[in-house]
Amino acid sequence: MRKCLLVVALTAAVVASAQGLKDVVGHDCLIGVALNEWQCAGQDSATTAVVRRHFNCAVAENCMKSGPLQPQEGVFRFEQADSFVDYCEANGLTATGHCLVWHSQAPAWLFSDGKGGLPSREVLAERLRRHITTVVRHFKGRLRGWDVVNEAIEDDGTFRRSPLYQVLGEDFIDIAFAAAHEADPDVELYYNDYSMAVPAKRDAVCRMVRRLKERGIRIDAVGMQSHVGLDYPDLAAYEAAIDSFAAYGVKVMVTELDVNVLPNPWGFSGADIAQSYELQQRLNPYADGLPDSVQRQLTQRYADLFAIYRRHRHQLSRISLWGVADHHSWLNGWPVEGRTNYPLLFDRNYQPKPAVERIMREWNMAPAASVSGGARLGHGEE
């Protein structure tokens with residue numbers, strides 16, 4: 001009998017060890033990663049091994065942004081984006097497009113009148129519609145959804161004074177979502193932004209969602225980028241944001257998850273890629289490896305985050321890490337160039353960190369919380 005019990009225990013352990021995140025978290029929502037061009041071109045077999053075991057969806061990190069896709073007006077370059085979608089289909093991944101409209105990584109011609117100024121309202125609106133229509137139709141039927149508009153709102157709740165807003169006001173958001181829906185009525189449409197735990201920003205996004213819905217314009221989900229740290233944001237405020245967005249009748253997605261373990265420069269805030277700081281030794285303390293004490297903090301932070309996702313699984317449709325392994329992460333070069341960061345679930349040797357096993361062990365242990373969205377219906381109201 002003891003021998004039989006031992007065999008059963010060992011078999012169970014082997015089965016458990018063979019499981020990936022998609023076998024556990026993936027029962028409740030999509031779980032995925034951002035991929036770069038060389039990974040989708042088959043130049044990183046180690047990435048593919050991790051992806052096949054642990055993830056069921058992917059998002060393009062850069063190749064679907066407007067600059068790479070339409071570097072010159074009317075000249076579209078779909079090769080790298082096509083490679084991403086082909087890779088997803090070959091590896092059983094649900095693909096998401098990122099992103100149709102963003103003030104950053106856009107081609108210079110988009111916001112130019114050719115004379116040193118901004119284009120007219122009519123010209124910019126038509127350029128947006130043409131870009132969105134062409135791109136969405138090109139991938140029609142192959143993507144689950146699109147990040148339609150990215151980072152349009154500041155942390156104080158005001159609209160970012162990008163060229164888009166300067167020319168079109170907040171109508172550029174209506175134009176973008178309406179054009180995407182017309183180009184592919186079946187694809188899901190998302191708004192994506194960072195610092196969503198900040199109450200003023202959260203409430204502004206809620207107002208935007210309500211405004212779109214009141215105008216009969218489709219929006220399916222809000223993406224919380226979730227570039228977080230070991231001690232920020234406040235997790236209660238972060239969790240409240242999930243309820244707030246869900247209360248307006250949209251799904252919530254965790255879209256760009258990573259955990260920064262390094263100290264931030266003075267004056268740093270949010271995830272604005274325009275920020276840049278000089279490399280200093282005090283800002284790069286773990287160049288030779290992550291201390292065990294910090295690894296434990298990282299494990300706990302991921303455990304706390306996934307506990308929130310577990311409680312709100314009825315409201316979440318996707319969780320996406322912003323990269324596969326630590327050396328892929330943009331946080332090695334932003335906001336300080338040349339640092340060594342450890343923000344993801346897999347290390348530089350593509351090995352799972354302790355956080356992976358803990359996430360899988362705890363995901364199904366605690367009972368799900370009751371639906372709580374109605375408790376915060378006031379969030380976002382003017």
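A contact is defined as heavy atoms within 4.5 Å. The model is predicted, so local features require pLDDT of at least 70 and side-chain atom pairs count only at pLDDT 80 or more, while totals for chains, interfaces and linings use all residues. Residues are numbered from 1 along each chain as its sequence is written, and side-chain values use heavy atoms, with hydrogens and water left out.

The protein chain contains 13 helices and 9 strands, taken as DSSP runs numbered from the N terminus (helices H or I, at least four residues; strands E, at least two). Of its 382 residues, 54% are buried, that is, under 20% relative accessible area with a 1.4 Å probe, protein chains only. Among contacts between residues at least 6 apart in sequence, 79% join residues at least 24 apart.

The largest nonpolar core comprises 109 residues, and Met-64, Phe-84 and Tyr-309 have the most contacts inside it. Such a core is a set of buried Ala, Val, Leu, Ile, Met, Phe, Trp, Tyr and Cys residues joined through side-chain atoms within 4.5 Å. Helix α9 (residues 171-183) gives the most to this core, with 8 residues. With residues up to four places away in sequence not counted, Phe-84 touches Leu-35, Cys-40, Ala-58, Val-59, Ala-60, Cys-63, Met-64, Ala-95 and Thr-96. Another core, of 6 residues, lies apart from the largest one and includes Ala-34, Val-59, Trp-322 and Trp-330.

In helix α13 (residues 354-363), the buried residues are Ala-355, Val-356, Ile-359, Met-360 and Trp-363. These residues lie on the same side of α13 because they cover an arc of only 130° around the axis, the arc being that of the directions from the helix axis to the C-beta atoms. Their cover includes α2 (21-24), α4 (45-54), α12 (292-311) and β9 (316-321).

Definitions and conventions: Buried < 20%, exposed > 50% of the residue type's maximum accessible area, 1.4 Å probe, protein only.
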